[in-house]
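Here are my notes on the model you sent over. Have it open while you read.

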Amino acid sequence: MSVAELEIITLGESVLHESARELTAEEIASPEIQALIDDLIETKRAAHGAGLAANQVGRARRVAIAEVEEGNPRYPYKPPIPLTVMINPAFEVNDDDEVELINEGCLSLPNVRAEVPRHMSITVRYLDRHGQERVERKRGLTAGTFQHEIDHLNGTLITDRAEAESVTTWEEYERSGREAFERRAGEIVARYGE
Ligand code: NI
């Protein structure tokens, strides 16, 4: 089966607000789900996202990708995240957690930025594409990226979490929000190392 770039579903389609279904070990090993994973990776990379969840390609299954390459053009302030394939992911908030407002974008909301409260110290549990359990601590902006993807699998978008007045177009963010946010993002990365 060849790898394909899939259409990314944008705001207005109900699948973005659906809670995705967990996958069984048998389903994870199936050619269908392995192909979906490859297609999600291809689609995320072509769109320069920081992640992509299966809901965003019209499949309400608990599969999501996170990956930030060095110098990502959409999110130049995000530290790199190695390719992570998460199946049935969930997270817990760590004892040392603090909450920060993070300005985020989303491939399913093409011209929107919004400030979303995110936990800065979490433990993520998921199965990798081979069905192996992984438990990883994530902090700072990287923790926010993982929460964003897990939100998608629960049918939650950034606009569902944001204060209404923080929702802007991408142009307005560039004009009046970007400088202050990138300064704040730099402080978060310096503090948490990710
Ligand atoms: Ni998104």
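**Notes on the sheet and the nickel site**

1. Let's begin with the sheet: strand 4 and strand 5 (residues 109-119) run antiparallel and are joined by seven bridges. Strands here are DSSP runs of E, at least two residues, and helices are runs of H or I, at least four residues, both numbered from the N terminus. Two strands count as paired if DSSP finds at least two bridges between them.

2. A quick word on the basis. This is a predicted model, where local features need pLDDT of at least 70 and side-chain atom pairs pLDDT 80 or more, while totals for chains, interfaces and linings use all residues. Residues are numbered from 1 along each chain as its sequence is written, and side-chain values use heavy atoms, with hydrogens and water left out.

3. The sheet is open, with three strands in the order 4-5-8 and antiparallel pairing. Strand 4 and strand 8 (168-169) are at the edges with a single partner strand each, so one side of each lacks a neighbour in the sheet.

4. Now the metal. Which residues coordinate the nickel ion? They are C106 (SG), H148 (NE2) and H152 (NE2), at 2.1 to 2.3 Å. Donors are N, O and S atoms within 2.8 Å of the metal (3.2 Å for Na, K and Ca); water is not among the atoms, so sites may look incomplete.

5. The donor spacing in sequence is C-x41-H-x3-H. C106 in strand 4 (residues 99-106) and H148 in helix 3 (residues 140-153) are 42 residues apart, so this pair links distant parts of the chain.
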